[in-house]
Amino acid sequence: MSQTAAITEPMVRRILITNDDGINAPGLAILERIARNLAEEVWVVAPEHDRSGAGQSISIHDPLRVYENGEKRYAVSGTPADCVLYSLAHWFGDNPPDLVLSGVNCGANISDSVQYSGTVGAVLSAEHMGIPAIALSQAFLSREGVDWSPVSAFGEQVIRKLWQPGENRAWNVNFPACDAGVIRQAQWCNQSTGSIQRPRLLAGQDARSLPYWWLGFDRSSRHITAPDEDVTVLREKAIAITPLRHREALPGGTGIFDLAAAAAH
């Protein structure tokens, strides 16, 4: 088999996709297109609404409702972790997907944000059930002008490189906020800490003059400069690949995937 054929042929039989931005998110559409090059069969099971910040939480106080949204495409009233677990229980039984992909998240999931990420939470739920999984997130400089070209250009290649048949590995992949043309490599890195400085509250009143609060954080990552940490790798316009629940190197025992040849084409 030629290298070109190996790149274009499906690498697995079945992939399950979810996210935390919701069934209609643009990043999910990008991941669907990528997954259809990777698998013979693609299932999409995602929250019906944005569930950012859900982490690995599951719904125990409300029932799950599921709405068909196309062939092998469903919206669920719960969290990203609910989507994964519901799918395994309801559809797959003894024939689970070969791989779970979560994303593409609108915004990076790095440093202290990882623990709250529903995108990553879905991946951890899959890994806990013995299924390899990869979270994908696209960093941006402005929410009004997200450049999806890095994940569109390199997402499939990175997933193929991370795929290890017979190995249950979970990875968190973040694509830098830049044009895809300047990206030359993907790098193994550590998850940094200290980007969340403190919690903050934004107060308001509803129509009955009752108080409410929006929870947020004061953030800064300027002090994170170690070359092997996720914030720094993205800052250097490389793709950041962080292991989740393991410390293994990238497949092949390397710390870097050279993407320059792909970028040239």
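Select C178 to begin: at a relative accessible area of 8%, C178 is buried. The model in the viewer is a predicted one.

Next, move to C83, which is buried with a relative accessible area of 0%. From the sulfur of C83, the closest cysteine sulfur is that of C106, at 18 Å, which is too far for a bond. The structure as a whole holds zero disulfides.

Now select the whole chain and colour by secondary structure. Seven helices and 12 strands make up the secondary structure of the chain. The radius of gyration is 18 Å, close to the 18 Å given by the globule rule for 265 residues, so the chain is as compact as a globular protein of that length. Along the principal axes, the C-alpha atoms fill a box of roughly 70 × 45 × 30 Å. Of the 265 residues, 49% count as buried. Among contacts with a separation of 6 or more, 76% come from residues 24 or more positions apart.

The chain exposes about 13,100 Å², of which carbon and sulfur atoms supply 49%. Then select L201, W213 and L215, which make a nonpolar surface patch of about 390 Å². To place W213 in the fold, highlight residues 211-219, which form strand β10 and include W213.

Technical notes:
Residues numbered from 1 in each chain as written. Predicted model: local features only at pLDDT ≥ 70, side-chain atom pairs only at ≥ 80, totals over all residues. Heavy atoms only, no water. Patch = residues over 30% accessible without salt bridge, like charges linked within 9 Å, V, L, I, M, F, W, Y side chains within 5 Å. Areas by Shrake-Rupley, 256 points an atom, 1.4 Å probe, with all protein chains shown as cover. Salt bridge = Lys/Arg side-chain N within 4 Å of Asp/Glu carboxyl O. Helix = DSSP H or I, 4+ residues; strand = E, 2+ residues; numbered from the N terminus. Rg over C-alpha atoms; globule rule 2.2 N^0.38 Å. Buried < 20%, exposed > 50% of the residue type's maximum accessible area, 1.4 Å probe, protein only. Contact = heavy atoms within 4.5 Å. Disulfide = S-S within 2.5 Å.
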